[in-house]
Every structure is written in C-alpha cells, then in structure tokens.
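This report describes one protein chain from its computed geometry. Please view the sequence and the model together while reading.

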Amino acid sequence: LLSKFLHAQPINRTLNYFKHLGLNISAGSIADNLQRLVPLFKPIHQAFRQHQMTEKRFHNDETRWEVYEEIEGKTGSRWYLWVTRSPSVIYYRIAPTRSADVPIEHFSDLNSKNVIVVCDRYSAYKKLARLNLNIILAFCWAHVRRDFLDLARSHVDFNQWGLDWAEEISKLFHLNKQRTALWEANQPLAWQSPSFKERHDALGKALNEMKSRCDTLLLADKTAKAKKEKSADVLAPSKRAVLESLQNHWDGLIVFYKHPEVKMDNNPAEQSIRNPVLGRNGYYGSGSLLSSELAAIMFSIFQTMLLWTLNPRTWLDLYLEACAQNGGKPPDDLSDFLPWLMSESRRMQLSKPPVLDTS
C-alpha cells in the first residue's frame, strides 16, 4: 500500500524486490488481496468527506486516470481523478467523466454558506457555482499569467506585450505576499492593523489599474472595429482573447483580495494531485474499477495524514492492527484514526515512526 499509493512504485517493482529475497509472489495474488482491503478503508474515506463538507475553503483540480475494465455504458479506458482539498482533508475520487456532475455531487452536502472554491476556469466549476448558490469561485491567477506567457512564446510580435502583462501579474503576487504577511487570521478584514491596510490598499490600487487597462484596450478595440478603422487600437485576435478572458473572470479573480485567507493560485490542489500523477505515470492507472476505488481511498488517507504531519506508516500499522483486533472489520469507533478527532497525545504518537516489535 505504501509503495504504490504513497511512493508511486509499480507493484511489479515491489514483486521484483521480493523475488530477490527469494519470495515469489504473482501480481494477481497481490492485486486480489489489495482489493479485499477496500471494505476496511471505505469508512475512513466516507468520514473524510463528511468532515470536509463542514468546511468553507476548498481547492479543486482533476486529471486523467486510466481504468482498464470494460464498464457497460462507458467507452474507452479514460476516467478522471478528482481532488478536493480543504484545510483538514485531501479527498480524491475516481469518476468516469470530467463533467460538472462530479463536483456538483461532491458538494451536494455542504453544511456552510459562503463557501469559496479555488479552481481553474474549467466550465464544470462554473456550472457548479450556478447551481449551488452557497459556492463562490476564486479563479487561479497562475493560469491567467500562463495565458500571457503562452502568447509571448507563440507570437514573436507579441512577445514583449505578453511579458509585460505577465510581469504585472507577478507584481500582484508580490503585493499579496507582503499583505498576507501581516494578516491576522483571527480578526476580520476591517479590524486589521494599519500596516496591513496600507498594503491592502496598494494591492487594490494595482488591481484597479490592471482592470482599467484591460477595459480601456477592449473598449478601444470594439470602437475601432465598429468604425471599421485600421488603427493601432484594433487588437489581434490572440490579444483580444486573453484580455476578454481576464475581463470575463474578473469577479472570481479578485475573491482573494476580499478574502485574504484565500490564495491567489490553485497550487495546493495541483501539489496534491502531483503524487497520484507520478503513480499513474509509473503503473498506468488501475486494472479494475475496484482497484481504482482503492487508489482514491489510499491517496486520500496518505495525503491527509501528510497534511496533518502524521506518519502514514504509523497510521497504517495501527489501523490494520485495530481491524485485526475487530475480527477483520473496521473499528467501530474511528475517532482514534481521524486527525481532527484525535487527542493531542494521539497525534504526537502518530507523528513518529512506528514502534517495531524486537522481541
């Protein structure tokens, strides 16, 4: 479990290691036994989602995931791994589609209002926010900056123009970093220190200037085209496209300004999905739907433990021992294995390497 779902090692590599120790095990034996573990971990996975639905700040992302089992009504092996990261939980699920149905279903049990989801500009999230009025989308500035950098790289004539816009966005990141360094999380925005307010105002000014520049360029372009003029005000289609995207997504792009606890980018979700992607590149996804479910469960458990700075091996040792003591079933009381319910002494215990029996 640790080798595959934490260290991204293909099962075949582990079997070769065993083979060199004189232990020959077939891949099928390992796969069958891993799949038998799904019922043991499923209650933990369910508890993760239940707790996550009590939180208010999220980062979302998704990536392709291959499932090599023929499923009625499903064409091809392309599935998707979705990640939803909140302050306490990193939750993964495998879905056959990249449609809005997946995040809509995931957030259907929210217990809070004014929930903020940081994401890219993918249409599925926009539909989520349209249908769930408790959700506010905060769009990722790193993706916007990438738009201008891609334009600079792909068009020689627009290189400097694109780089100038990218530099302005980098300045926004810098101003926000200066501002959040003084942010007091336990105080509302209106009660922050004068030093914070000074940096907050500087960031607001820079945002207003960027929005004004964008609007001015697009208005001049629209006016020149309406008059059928051939002037410098007429934007090339590629320039117009990136500016229109900036303008159309502006409300979501300034959520971080109104809520300083919200990040400007979606790096937490992208970092959370990096480990599974390494695994996917090594073992090409999952051989069956059941093994893909196990993958999502174990990714959730291991990455959440790391989020809480707990030792995944220690957690796994103690959890499997508890299952064994309960007759091969999940413990009746999961509180000792859910970080937000653990006592401080229990978290200290699980933050250390497992105690080895040397008797």
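This is a predicted model: local features need pLDDT of at least 70, side-chain atom pairs count only at pLDDT 80 or more; totals for chains, interfaces and linings use all residues.

Residues are numbered from 1 along each chain as its sequence is written, and side-chain values use heavy atoms, with hydrogens and water left out.

**Overall make-up**

The chain contains 16 helices and 5 strands; helices (H or I, at least four residues) and strands (E, at least two) are DSSP runs numbered from the N terminus. Its C-alpha trace spans about 80 × 50 × 40 Å along the principal axes. Of the 359 residues, 46% are buried, where buried means under 20% relative accessible area, exposed over 50%, and partly exposed in between (1.4 Å probe, protein chains only).

**Aromatic contacts**

The whole structure holds 18 aromatic pairs. One of them joins W65 and Y283, whose ring centres are 6.3 Å apart with planes at 70°, so the pair is edge-to-face. The two residues are 218 residues apart and link distant parts of the chain, with W65 in strand β1 (residues 57–66) and Y283 in helix α13 (residues 267–283). The rule pairs rings of Phe, Tyr and Trp (its six-membered ring) if their centres lie within 6.5 Å; planes under 30 degrees apart count as stacked, over 60 as edge-to-face and the rest as tilted. Both W65 and Y283 are buried. They also belong to a cluster linked by ring pairs, made up of F5, W65, Y92, Y283 and F299.

Y283 has a charged neighbour too: the charged end of K4 sits over its ring, 4.8 Å from the centre. Elsewhere, the charged end of R346 sits over the ring of F337 at 5.0 Å from the centre. A charge sits over a ring if NZ of Lys or CZ of Arg is within 6 Å of the ring centre and within 35 degrees of the ring normal.

Helix α14 (residues 289–307) has 19 residues and reaches 27 Å from its first C-alpha to its last, close to the 27 Å expected at 1.5 Å a residue. That expected span is 1.5 Å times one less than the number of residues. Since 14 of its 19 residues are buried, α14 is largely enclosed by the rest of the structure.

Y284, in the loop between α13 and α14, has a positive phi of about 65° although it is not a glycine. At 58% relative accessibility, Y284 counts as exposed.

**Pocket and cavity**

Spaces are found on a 1 Å grid over the protein atoms alone: a cavity is a set of points where a 1.4 Å probe fits but cannot get out, a pocket is an open set with protein on both sides within 12 Å along at least five of seven lines, and lining residues have an atom within 4 Å of a point. Grid points are joined across faces, edges and corners, and a volume is the space filled by probe spheres set on the points.

The largest pocket holds about 350 Å³ of space. Its lining has 16 residues, of which H45, Y91, R93, I94 and E293 lie nearest its centre. Two or more lining residues come from each of α4 (38–52), β3 (90–95) and α14. By class, this lining has 7 nonpolar, 4 polar and 5 charged residues, with Ala, Val, Leu, Ile, Met, Phe, Trp, Tyr, Cys and Pro as nonpolar, Asp, Glu, Lys and Arg as charged, and the others, Gly among them, as polar.

The count of cavities of 30 Å³ or more is 1. The largest cavity holds about 50 Å³ and is lined by N60, W82, V83, T84, Y91, R93, V102, P103 and H106. Elements giving two or more residues to this lining are β2 (78–85), β3 and α5 (101–106). The lining divides into 5 nonpolar, 3 polar and 1 charged.

**Two C-alpha separations**

| Residue pair | Apart along the chain | C-alpha separation |
|---|---|---|
| F41 and L151 | 110 residues | 46 Å |
| G252 and A138 | 114 residues | 4.6 Å |

F41 is in helix α4 and is buried, with a relative accessible area of 0%. G252 is found in helix α11 (residues 250–253) and counts as buried at 7% relative accessibility.
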